[in-house]
Amino acid sequence: MRVEDLVYFCAPARLVMGAGCRAQLPALLRRLGYRRGLLVTDTFFSGATPWVDELVAGGRAQGVELLVYDGGMPDPTTTLCDAATAAVRERLAGVPVDHVIALGGGSNIDLAKALCLTLPDGSAVRAFLGKIDAGTPILPLVAMPTTAGTGSEATPGAILVDPDNATKVAVMDNRLRPAVALVDPEFTYTCPPRVTADAGIDALTHAIESYLTLDSAIFDRGGEADPGYSGRNALTMLFAHESIRLCGRYLLRSVQDGGDREARIGMSYASVYAALSYGSAGLNAVHGIAYAVAGQTHLSHGTTNAVMLPYVLDALGDVRREEMLAIARLLDIAETDPDIAAARVPGVVRELVAAVGLPTTLRDCGIEQRDVDALVRDALDVARLAKAFPVPDVSARYDAMVRNAWAGTLTAEAGASVQRRRAA
Ligand SMILES: NC(=O)c1ccc[n+]([C@@H]2O[C@H](COP(=O)([O-])OP(=O)(O)OC[C@H]3O[C@@H](n4cnc5c(N)ncnc54)[C@H](O)[C@@H]3O)[C@@H](O)[C@H]2O)c1
C-alpha cells in the first residue's frame, strides 16, 4: 500500500491465458453473443501457420462466421489503416461485423484497434487522433498476441506511423481495451530470435518504465474523467515488479533458445504483467525518445526502446534510488553494497541489450551527431510522455540522455567503479 495513491486501474475485460488456450475461443465467441467477426492478421499467420484456418473452422462449428483480412504489416501507418478500412468495408458489402479479432504482434493488434473505430462508419483513422467522442461506436476486440510483447492486448491505444508526423501517433481510449485478451504462449514459439529480442526488451521497458514513472497522486490527468494512463500506484507496481523478475530470468533464454518452453511461457507472463502495469500507470522518456528515434531511423519499436533504456535508467538514479535497488535485486545483481548495486543497473541492462543482439548506442542506430538536437526536440514534443518523466528538469535530462545514448556514456557505471575501488 502507498498512502497517497489515487488508483485508476483499467484492464481488458477478460484475460484468458495458458498454453493451448486458443482452443477455447470459438465457444467463448458464441457465449459472448458474437455471430460475425473480422479476423485481422498478416500473411505469415494465414500462410505459414494452421491457426487462421483452425479458428475459422472452430467459429463455423459454433455458428460464428469469421472473415479474414491478412493485410497487416509491421508498424502500421495511418495510410495502411485507411486502405484496410476501405478494403474490408467493400467486402462486407453493408453487412456489418459485431466484433474484431487480432492475431499477431503489436502491429496487427494496433491495426485491429484502428479498424474497431473506423469500420462502423468508414472514417479515416486520423479523425480519432487526440480525443474520441463519447458517442463514437467502437467494435469489441479480441486480441491474441503472438509476440511477448507489446502488451497491446491490455492497453487503450493503437500506435501508428503518420506520414505527416516526425514521431508515432496514438489513437487512445479505454473503450479500445480488448473485450478479451487471449494469451496463448504457443503462438510465440515460432518467433525468430530478432522478433523475440525486440518484443522481450519492449516488455522489460514497459515494466521498468512504469515502475519508475510519476506517482498517481501527482499525475496530471488533464481533467479526463476516464484516463487511459494515470501514474504508478501500488497495484501497477506489483505487476511491474513481477514482470521485471520474469524478464531477468527468461528474456535472454527465450532469445538464445526459442524452443525453451518455460522461457517462452515466462516471457508471455512477463509481457502481460508489464502491460497490466503500464496499461494504467503509463510510460515516459524511453518511449518518448524511442518514438523520435523511430521517426528518424525507421528501426523497430523494440530496438528503439532497447537503445534508450540504459541511459534513461542512468538519469533516474537520484530520484528513484530505492526502486533502482529493487531492480538490482530482481535482476540478480550480486553486490552487497546497495549504492553500488543500484548504480550497476543501467550497465547490466545495457549488457542484456547487447546479449540479445540489439544496438546499445544511437550512433550504432545510424543517427548522426548533427541530428541529436532535432531528436531531443521531437521527443519533447511527445508531451504526454515527457510530462510523466519523474524529474524536476525534464528538458535538460532529455538532452543529456540523448547525448549520452549517442556517445554510449553511462555516468552511474563510472560512479559504481569508483565506489567499488574505494570499497576494495
Ligand atoms: N498499442 C500498444 O499499446 C503498443 C505497445 C507497444 C508497441 N506497440 C506497437 O507494436 C508494434 C511492434 O509489435 P511487435 O514487436 O509485436 O512486432 P510486429 O507485430 O511488428 O511483428 C514483427 C514481425 O514479426 C512477425 N511475427 C509476429 N509474431 C510472430 C510469430 N509468433 N512467429 C513468427 N513471426 C512472427 C510478424 O509477422 C512481423 O513480420 C509497433 O508498431 C509498436 O508501435 C503497440
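**Figure 1. Glu186 is partly exposed, at 24% relative accessibility, and is shown with its salt-bridge partner Arg22.** Here buried stands for under 20% relative accessible area, exposed for over 50%, and partly exposed for what lies in between, with a 1.4 Å probe and protein chains only. The model is predicted, so local features are described only where pLDDT is at least 70 and side-chain atom pairs only at pLDDT 80 or more, while totals for chains, interfaces and linings use all residues. Residue numbers run from 1 along each chain as its sequence is written, and side-chain values rest on heavy atoms, with hydrogens and water left out. The side chains of Arg22 and Glu186 meet at 2.9 Å, N to O, in a salt bridge, a term used for a side-chain nitrogen of Lys or Arg within 4 Å of a carboxyl oxygen of Asp or Glu. This pair links distant parts of the chain, 164 residues apart: Arg22 is in the loop between strand S1 (14-17) and helix H1 (25-31), and Glu186 is in the loop between strand S8 (180-183) and helix H6 (193-212). Helices (H or I, at least four residues) and strands (E, at least two) are DSSP runs numbered from the N terminus.

**Figure 2. Arg321 and Asp339 form a salt bridge.** The closest N and O atoms of Arg321 and Asp339 are 2.6 Å apart. Because Arg321 lies in helix H11 (residues 321-330) and Asp339 in helix H12 (residues 338-355), the pair ties together parts that are 18 residues apart in sequence. Arg321 is partly exposed, with a relative accessible area of 37%, and Asp339 is likewise partly exposed, with a value of 34%.

Figure 3. What is the distance between the closest N and O atoms in the salt bridge of Arg403 with Asp373? These atoms of Arg403 and Asp373 are 2.6 Å apart. Arg403 counts as partly exposed at 36% relative accessibility, and Asp373 counts as partly exposed at 43%.

**Figure 4. Arg2, Asp5, Asp215, Arg232 and Glu323 are linked in a network of salt bridges.** Side chains of opposite charge can pair when their charged atoms come close. A search of the whole structure finds 24 salt bridges.

**Figure 5. Val7, Phe9, Leu235 and Leu238 form a nonpolar patch on the surface.** Together these four residues have about 340 Å² of accessible area, as given by the Shrake-Rupley method with a 1.4 Å probe, where for residues only the protein chains shown count as cover. Patches are made of residues with over 30% relative accessible area and no salt bridge, like charges being joined within 9 Å and nonpolar side chains (Val, Leu, Ile, Met, Phe, Trp, Tyr) within 5 Å. Leu235 has its place in helix H7 (residues 234-256) and, at 33% relative accessibility, counts as partly exposed.

**Figure 6. Ala93 and His298 each have a positive phi without being glycine.** Most residues other than glycine have a negative phi, and most peptide bonds are trans. Ala93, with a phi of about 45°, is found in the loop between helix H4 (78-92) and strand S4 (99-104), where Ala93 is exposed with a relative accessible area of 61%. His298, with a phi near 60°, has its place in the loop between helix H9 (285-297) and helix H10 (301-315), and counts as exposed at 65% relative accessibility.

**Figure 7. Cys191 is shown with Cys247, whose sulfur is the closest cysteine sulfur to that of Cys191.** With a disulfide taken as a pair of cysteine sulfur atoms within 2.5 Å, the count comes to zero. Cys191 is buried at 12% relative accessibility, and Cys365 is buried at 10%.

Figure 8. The C-alpha trace spans about 70 × 45 × 40 Å along its principal axes. Buried residues make up 58% of the 424 residues. Among contacts (heavy atoms within 4.5 Å) between residues at least 6 apart in sequence, 79% join residues at least 24 apart. The accessible surface comes to about 16,500 Å², of which 53% belongs to carbon and sulfur atoms.
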